[in-house]
Amino acid sequence: MTFDYDLFVIGAGPGGLAAAKKAAALGVRVAIAEQEALGGTCANRGCTPKKFIVYAADFALQNQSAQSYGWSDCQWHFDWTLFIKSVHQKLEGIQHSFLQQLQKAGIEIIHGGATFVDAHTLEIEGRKVTADKILIAVGGHPVQPDIPGIEYTITSREMFHLPYLPKRLAIIGGGYIGVEFSSMMNAFGCEVTVINTDEMILSGFDDDIRAGVQSGLSKRKIRFIKNSTAKEIKFSDDGLLLTTKGDKEEIITADTILVATGRAPNTKNLNLEKASVELGEKGEIKVDEYSRTNQENIFAVGDCTNRVQLTPVAITEANDFVNSVFGKKPQKPSYDFVPSAVFARPEGASVGMSETKAREKFGKSVKCYRSKFQPLFYQLTEQDEQATIKLVVEGESERVLGVHMVGEHAADIIQSLAVAIRKGITKQDLDDTIGIHPTTAEEFLTFD
């Protein structure tokens, strides 16, 4: 059978774009469909605009320390409207860059949502196309709890379109999205309350990281309501009234309520049943280690599957898919040492096993090295800012299983150490390495 394309990609987020460009470079006839802006959630409603807000918030935090470094006190004014306009102008530039890259690679771009007609046929805005191989890379979307008044809330998607900064912000959810926005909005002067279902935020991170970030945010007057969930939301003349349930029932008054309780795959409107593609309980596409679905010619990568939901992971899965299917070099992603970070202030980052996971697998042979200290920057200030670093090692060789950090530049430092950990370094290897002084990173080389 002759197909219109060798590869059709559904979704132009990080995974879809990576696969399309790599396949086209191998001479594959490629088309890609996207119903929203090129770049997906990460470039338009996630990683990139979020990091711009982090940088903007950092100016406020730096200003708090400026006098300790000899700068005279001055009054600054932050214009959210001007700032967010600049962010969206930059995002438009990024989208245009993606468009140029696809056009240069000879990839056909079809604007609209694709749905399956059968395992080899798709329909986009009334147009039917066929493809030998189909890659689904549609990502995910924020989910909201089914409680009375949920219509008064917003998700992370709308946070990037706020017309003004709220004076009082309530956040439902203590995962990395909720924690990052709590930090940023607090730096801008918002009164922030976080409702979390657990005793500590950032479920999935090492407990020392969770405790370190939560302690740092609490010192900045962010309020945490622990072991609680949202019960209902009502509108009043004074604002939105959020009632919690859990350890105690409480009513919080807020101008804006952000729901950050997780994400779900964007698989609902694809008509996957017409291609007999198997889904999991939460709507995620089931795939094997080579990103193949139960249909031999249909593949899926990124947040619409049941694997690690991070942009670099989606890109890796996409590249491995192309190498395996079109490059004749079978490759599969390894998820053992995927670094992750939460861009709060203080920043937290990890790679490898948490202490809990390591002890579950290796038992009593696991050993941990910890250090908590005040970074040099804060030693001239009156701020009680602490950094935490931690090594999780195993056996007589003290092979490093995990590295965790809370503090300035945590993400960059952990990113660099991730390469070494994948190569199987030991604590002795770190001890034998000469560091750069004075830096926070050198503390990983000086554990007793």
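Reader: Which residues of β8 sit on one side, and which on the other, and are they buried or exposed?
Author: Arg168, Ala170 and Ile172 lie on one side, with Leu169 and Ile171 on the other, and all of them are buried. Keep in mind that this is a predicted model.

Reader: OK, and why is β8 largely enclosed?
Author: Because 5 of the 5 residues in the strand, which spans residues 168–172, are buried, β8 is largely enclosed by the rest of the structure.

Reader: How many bridges join it to β9?
Author: There are 5 bridges between β8 and β9 (residues 191–195), and the two strands run parallel.

Reader: What kind of unit do β8 and β9 make with helix α6?
Author: A right-handed β-α-β unit, built from β8, helix α6 (residues 176–187) and β9.

Reader: And β14, how many bridges there?
Author: β14 (residues 256–259) is joined to β8 by 4 bridges, and that pair is parallel too. Here alanine 170 of the buried set has isoleucine 257 as its bridge partner in β14.

Reader: Switching to the surface: which residues form the nonpolar patch?
Author: Tyr69, Trp71 and Leu380 do, and together they have about 380 Å² of accessible area.

Reader: Where's tyrosine 69 found?
Author: Tyrosine 69 is in the loop between α3 (47–66) and α4 (80–104).

Reader: And why does tyrosine 69 count as partly exposed?
Author: Because its relative accessibility is 38%, and partly exposed covers the range between under 20% for buried and over 50% for exposed.

Definitions and conventions
Residues are numbered from 1 along each chain as its sequence is written. This is a predicted model: local features need pLDDT of at least 70, side-chain atom pairs count only at pLDDT 80 or more; totals for chains, interfaces and linings use all residues. Side-chain values use heavy atoms; hydrogens and water are left out. Patches are made of residues with over 30% relative accessible area and no salt bridge: like charges are joined within 9 Å, nonpolar side chains (Val, Leu, Ile, Met, Phe, Trp, Tyr) within 5 Å. Accessible areas come from the Shrake-Rupley method with a 1.4 Å probe; for residues, only the protein chains shown count as cover. A salt bridge is a side-chain nitrogen of Lys or Arg within 4 Å of a carboxyl oxygen of Asp or Glu. Buried means under 20% relative accessible area, exposed over 50%, partly exposed in between (1.4 Å probe, protein chains only). Two strands pair if DSSP finds at least two bridges between them. A crossover is right-handed if, with the strands pointing away from the viewer, the path from the first strand over the helix to the second runs clockwise.
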